[in-house]
Amino acid sequence: MGNDSQQIVQKLWNYCNVLRDDGLSYGDYVEQLTYLLFLKMAHEQTHEPWKKPSPLPKGFDWPSLMSKDGDALEVHYRRLLETLGKSKGTLGIIFRKAQNKIQDPAKLRRLIADLIDREQWTTLDADVKGDAYEGLLEKNAQDTKSGAGQYFTPRALIRAIVDVMRPKPEESICDPACGTGGFLLAAHDYIAAHNKLDKAQKQHLKLDALHGWEIVDNTARLCAMNLLLHGIGGDECPILVDDALRGDPGQRFNLVLTNPPFGRKSSVTVVNEEGEQEKETLTVVRDDFWASTSNKQLNFVQHVRTLLEVSGRAAVVVPDNVLFEGGPGEVVRRKLLHECDVHTLLRLPTGIFYAQGVKANVIFFDKKPGREKPWTEKLWIYDLRTNQHITLKTNPLKREDLDDFVACFKPENRHERRATWSEKKPEGHWRAFSYQELLQRDKVSLDIFWLKDESLEDSANLPAPDVIAAEIAEDLRTALEQFEAIQLDVAQS
């Protein structure tokens, strides 16, 4: 992060602390900044050298905010948000259901006139603006009370996934659960950094290459703004606000990179006869799915397969239950191994996600044309979980923690892979399992581990007490979630 970027982040953060005294959360603050930054940048672009017509209706733009003060400002800001929320395109996504959360007109005025109006945002390098905004999103994700962490995938993990997937300039890239846009941005940056792009390729990358779905309005807003600040998208936003699992959108993509939301069940809130709200489990039934289930992650795996073009490539973050669950889970795994080339599984350490209690993996597969013979010949597994003690606060996941995985993956030629595990080297983290070996496992479970857990072997090598405590808490949370899911199933059957 350059000095410019750091100074801006510092300014923006210092002011957030002022507003927190008024009960504004990080999420509320980032949201208000999003609205105001958009208005200011739209205004800047009506001047030289851009001379663009303003996308905003007259009287509901930056000068209209600058011209007011006190209660009149607060009233006008509320009306402006309401009016813009009815728009189409990027404007509509950013302002949909927007509300003013800053109750004190003097503080709102300071934010507008002192903080945002003083910067020329459009002339700032896209990296500076983008870094500043990403910094805000990460801070927001760390604010555990807000629950925003579930929309934020650790950037170190995203970068490693993109490094092994190697997106190309002409490819189309999709994330059906795009959160704040981490995967799409990383793919964009990878293509820009690793290729000398001609004019047509630059245009494709900016306007057509990236596609995302996000079901939550507030998150989609942050994602649209994040892409915009990085110079991606135009009047039409690359993000659709919709439930990706609703149906087959008909579009197909070369690359799908995604971390679907955690939480096992798809559910809908209904009002029962007593007038009380209760959740009903939604079993997703689709013609293009192999199995009908209410397990959201299994549905996302099936949905990703649908979204891929033949020979398209996918990397999907999935919780452990996708690897071992019976019934529909077994059906999906059998079909996936047969119809796709499921070539790599990365077992992730616990403690890397802001959503707590999650044991997750990344599953990599390529979609193939139909044939009798199964497409998966070998599944290579990298265990980055056993004996790893990663915690969000004291030892967060870094990109270099994944260097060995990226090297073992051999993205330049997967046929050259070599196991680091053998009978003589039982401590190796990387080994392959044949299709036959996988089929012989109970329920075709892919939940496979072979490394010895050192903490069980040697009490002298125990990790620090706070790490042990965090791991125990994580296991208890996972167990509790599973009990609640069983309870829900029993209640509904």
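Is D341 buried or exposed in this structure? In the predicted model, D341 has a relative accessible area of 15% and is therefore buried, the cut-off being under 20%. The contact between R414 and D341 is a salt bridge, with 3.5 Å between the closest N and O atoms. R414 itself counts as partly exposed, at 27% relative accessibility.

Strand β8 is part of an open, mixed sheet of nine strands, arranged in the order β3-β2-β1-β4-β7-β9-β8-β10-β11. From one strand to the next, the twist averages 15 degrees. Strands β10 (residues 378-383) and β11 run antiparallel and are joined by five bridges, and I381 has R431 in β11 as its bridge partner. Helix α9 (residues 182-194) lies across β1 (173-175), β2 (210-214), β3 and β4 (253-258), at about 160 degrees to β1.

The salt bridges number 26. One of them joins R399 and D163, at 2.9 Å from N to O. R399 is located in the loop between β10 and α15 (403-409) and D163 in helix α8 (residues 155-165), so this pair ties together parts 236 residues apart in sequence. A further salt bridge, between E44 and K40, has its closest N and O atoms 2.6 Å apart. Both residues lie in helix α2 (residues 26-44), separated by four residues, or about one turn of the helix, and both are buried.

Key: Residues numbered from 1 in each chain as written. Predicted model: local features only at pLDDT ≥ 70, side-chain atom pairs only at ≥ 80, totals over all residues. Heavy atoms only, no water. Pairing = 2+ DSSP bridges. Helix = DSSP H or I, 4+ residues; strand = E, 2+ residues; numbered from the N terminus. Axes fitted to C-alpha atoms, helices over the stretch in contact; angles between N-to-C directions. Contact = heavy atoms within 4.5 Å. Salt bridge = Lys/Arg side-chain N within 4 Å of Asp/Glu carboxyl O. Buried < 20%, exposed > 50% of the residue type's maximum accessible area, 1.4 Å probe, protein only.
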